[in-house]
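Hi,

Here is the structure I promised to pass on. Have a look first, and my notes follow below.

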Amino acid sequence: MKITITPKSERVEAEYDGTVIPNLKFAITGSDDRDLSGEITPNVSYYKGDGTDEVAVSLRDVGTYTIVYSYNGATGNYASAEARVTYVVTPATLQITLNNPTAVYNKEAYTPDFKITSGLIVGDNANITYKVNIDEELHDNYEIKDAGSYTLQFSAGNSNYVIAEDDEQQIVTIEKYVLSAQAVNTTVLFNAAATGIDEYMNYEVLDADGPVIGKEALKKAVDVTVELFDEDGSPVQSV
């Protein structure tokens, strides 16, 4: 008797989930339309790509595979039959959360603290890396240190995964450190010949680590304005 093997679908697409061999549905019917699924067990073979040139022992990874269902009717009461299914595994999508999108300048290089929040199969390593996007050019090992905004471009080294579109690029902002000043002498005598605050007051400016920055060195390094206020808070003069 002639038989027909009919897969539920001739093309199946599945998102990567770690499954090694999928359990796809198919039916076997005779020429008299009788269901023979309980009587005939076809042979199932797996191949890489669109043909049958390279045998596949696993259909776990992202790619295209061919599944062949066949029955050899050389002996017995049923004729030979064959059916093929194209099986496509697509990448799973990872969501990434950046825990420190902002930081304050502290002289040290910024290190992003990120984690995968969904999509990773237990036991897998997605091999997440990032590059810094500067003027639409991606840079490896770029040191994020100075105040400003930077774009991190994330990617998965494991081809079974892709990064969610909304998480692929994330903005990092390094905020400027606010310097603090402290007066060494807070009581001074009027000096009619004085031409600047430095002749009235001795002050110190602290950097991010706390050590005092010399006044002259500070003025050369950054744009600093020192203001003197009277008792009611009105500015007297600045340098």
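Predicted model: local features only at pLDDT ≥ 70, side-chain atom pairs only at ≥ 80, totals over all residues.

**What turned up**

Asp135 is found in the loop between strand 11 (128–134) and strand 12 (137–139); strands here are DSSP runs of E, at least two residues long, and are numbered from the N terminus. Residues are numbered from 1 along each chain as its sequence is written, and side-chain values use heavy atoms, with hydrogens and water left out.

Back to Asp135: its phi is positive, about 50 degrees, although the residue is not a glycine. Asp135 counts as exposed, at 71% relative accessibility (buried means under 20% relative accessible area, exposed over 50%, and partly exposed in between, with a 1.4 Å probe and protein chains only). Asn141 also has a positive phi without being a glycine, near 55 degrees. You'll find Asn141 in the loop between strand 12 and strand 13 (148–156), and it is exposed too, with a relative accessible area of 81%. For background, most residues other than glycine have a negative phi.

Next, the salt bridges. A salt bridge here is a side-chain nitrogen of Lys or Arg within 4 Å of a carboxyl oxygen of Asp or Glu, and the whole structure has eight of them.

- Glu39 and Arg34 pair up at 3.0 Å, N to O. Glu39 is partly exposed at 48%, and Arg34 is partly exposed at 35%.
- Lys48 meets Glu54 at 3.5 Å, N to O. Both ends are partly exposed, Lys48 at 43% and Glu54 at 45%.
- Lys131 bridges to Asp140, with the closest N and O atoms 3.9 Å apart. Lys131 is partly exposed, with a relative accessible area of 34%.

Salt bridges that share partners also join Asp32, Arg34 and Glu39 into one network.

A cavity is a set of points, on a 1 Å grid over the protein atoms alone, where a 1.4 Å probe fits but cannot get out; lining residues have an atom within 4 Å of a point. The largest cavity has a volume of about 40 Å³, volume being the space filled by probe spheres set on the points, which are joined across faces, edges and corners. Among the lining residues are Ala14, Tyr16, Leu59, Arg60 and Tyr87. Strand 2 (11–15) and strand 7 (81–90) each supply at least two residues of that lining. By type, the lining divides into five nonpolar, two polar and three charged residues (nonpolar being Ala, Val, Leu, Ile, Met, Phe, Trp, Tyr, Cys and Pro, charged being Asp, Glu, Lys and Arg, and the others, Gly among them, polar).

On the surface, Val104, Tyr177 and Leu179 form a nonpolar patch with about 220 Å² of accessible area together. Patch members have over 30% relative accessible area and no salt bridge, and nonpolar side chains (Val, Leu, Ile, Met, Phe, Trp, Tyr) are joined within 5 Å, like charges within 9 Å. The areas come from the Shrake-Rupley method with a 1.4 Å probe, and for residues only the protein chains shown count as cover. Tyr177 sits in the loop between strand 15 (169–175) and strand 16 (180–183) and is partly exposed at 31%.

Cheers

Notes:
Helix = DSSP H or I, 4+ residues; strand = E, 2+ residues; numbered from the N terminus. 1 Å grid on protein atoms, 1.4 Å probe; cavity = no way out; pocket = protein on both sides within 12 Å on 5 of 7 lines; lining within 4 Å.
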